[in-house]
Amino acid sequence: MAHRARYAHTNLVAKDWRRLAHFYHSVFGCEPVPPERDLSGEWLDRATGIANARIRGVHLRLPGHGDRGPTLEIFQYLDRQEALQPAKTPDRPGLGHLAFQVDDVQAALARVVAAGGGAVGHTVTADIPQAGRITFVYATDPEGNIIELQQWASSKGGREE
């Protein structure tokens, strides 16, 4: 019997979940999926391995996948101790980046920066054998998570879907 799986969500742990959710909503059109979460209890302590865990946050529907598509889960652990974290770079092991396909990379980067994010590196265009031509840049959200903004065109000059 084949095992079936369906991608559900990606979680970002935020310092300020409302600010980060607003960023992804305003810049990329991610839509909130009610209800907002306010989670705590013995079950959460057992699941996370964190005593007295309390989470606040929201799921945001990722654009381009319809009403049942995957979500970006933005959670903030309340009353947590701030740990020293290594700088986030595109080559750090673990979750590297979230990628969004956009119509105009430079315009999307401008929206990211205007909404409190930042730029990482430079915009480049490259031909990827058997895939097409990509224009992309890495950016960051307001909390330093890396985002790739990408635009694809076929090798023959037409837009690739």
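Please bear in mind that the model is predicted.

I begin with strand 1, which spans residues 9-13. In a regular strand the side chains alternate between the two faces of the sheet. The partner to discuss is strand 4, residues 71-77, with which strand 1 pairs in the parallel sense over five bridges. Within strand 4, Thr71 stands opposite His9.

I turn next to helix 1. This helix runs over residues 17-28, twelve residues in total, and its first and last C-alpha atoms lie 16 Å apart, close to the 16 Å expected at 1.5 Å a residue. Which of its residues are buried? They are Trp17, Leu20, Ala21, Phe23, Tyr24, Val27 and Phe28. Seen down the helix axis, the buried residues fall within an arc of 155 degrees, so they line one face of helix 1. After helix 1 comes Gly29, with a positive phi near 75 degrees.

Finally, the second largest pocket. Its space amounts to about 320 Å³. Fourteen residues line this pocket, and those closest to its centre are Leu62, Pro63, His65, Ala99 and Phe100. Strand 5, residues 98-101, supplies the largest share of the lining, with four residues.

Thank you for your attention.

Technical notes
Residues numbered from 1 in each chain as written. Predicted model: local features only at pLDDT ≥ 70, side-chain atom pairs only at ≥ 80, totals over all residues. Heavy atoms only, no water. Buried < 20%, exposed > 50% of the residue type's maximum accessible area, 1.4 Å probe, protein only. Helix = DSSP H or I, 4+ residues; strand = E, 2+ residues; numbered from the N terminus. Pairing = 2+ DSSP bridges. 1 Å grid on protein atoms, 1.4 Å probe; cavity = no way out; pocket = protein on both sides within 12 Å on 5 of 7 lines; lining within 4 Å. Points joined across faces, edges and corners; volume = space filled by probe spheres on them. Expected span 1.5 Å × (residues − 1). Arc of directions from axis to C-beta.
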